[in-house]
Amino acid sequence: MTAPIVILGTGLAGTSVVRELRKLNPDIPITLVSADHGGFYSKPMLSNALAQNKTPAQLLVTPAEKLAEQLKVTLRAHTRVTSIDVANNKLVTAQGDIDYSALVLAVGAHPIRLPIQGDGAADVLSVNSLDDYTAFRER
């Protein structure tokens, strides 16, 4: 069996790559790997969701299971890649290695953390994902 194409990231970039690959070959094996829940949501909506009193569930456009079904992919949610073994075409994760025939990195950006000092510095949150937004609303 041929190793799948593996795409790291289930955001707009990752899902767009899958959609384009499906146009070229609807049957090619594809695995999506996500550090979070793997569902699809509009990341720009995070910036004003609290002001609009939106819950995390209201921001989720497509749950992970439905996304995997729609895109005909294997979805590996809550899977953090610890290293990439390029010599052997493997992703190394705590949940086991993932072989790939081709690898696409669609991981997005990390927020810039400002050097904040003081008693409350550890309590500063950055909202860069739906999981971050959930934690923000809980606080």
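## Arg22 and its surroundings

Contact here means heavy atoms within 4.5 Å, and the structure described is a predicted model. Leaving aside neighbours within four places in sequence, Arg22 is in contact with Asp27, Ile28, Ile30, Leu71, Lys72 and Val73. The residue itself belongs to helix H1, which covers residues 12-24.

Although Arg22 is buried, it has no salt bridge, and the nearest side chain of opposite charge, that of Asp27, is 6.4 Å away.

## The largest pocket

The largest pocket has a volume of about 830 Å³, and its lining is made up of 30 residues, among which Gly9, Asp36, Lys43, Val107 and Gly108 lie nearest the centre. At least two lining residues come from each of H1, strand E3 (40-41) and helix H4 (130-138). Of the contributions to this lining, that of H1 is the most, at three residues.

Val124 is found in the loop that runs between strand E9 (102-105) and H4.

When residues up to four places away in sequence are not counted, Val124 touches Arg113 and Ile116. Arg113 and Val124 are 11 residues apart in sequence, and their C-alpha atoms are 9.6 Å apart in space.

Technical notes: Residues are numbered from 1 along each chain as its sequence is written. This is a predicted model: local features need pLDDT of at least 70, side-chain atom pairs count only at pLDDT 80 or more; totals for chains, interfaces and linings use all residues. Side-chain values use heavy atoms; hydrogens and water are left out. Helices (H or I, at least four residues) and strands (E, at least two) are DSSP runs, numbered from the N terminus. Buried means under 20% relative accessible area, exposed over 50%, partly exposed in between (1.4 Å probe, protein chains only). Lys and Arg count as positive and Asp and Glu as negative; His and the chain ends are not counted. A salt bridge is a side-chain nitrogen of Lys or Arg within 4 Å of a carboxyl oxygen of Asp or Glu. On a 1 Å grid over the protein atoms alone, a cavity is a set of points where a 1.4 Å probe fits but cannot get out, and a pocket is an open set with protein on both sides within 12 Å along at least five of seven lines; lining residues have an atom within 4 Å of a point. Grid points are joined across faces, edges and corners, and a volume is the space filled by probe spheres set on the points.
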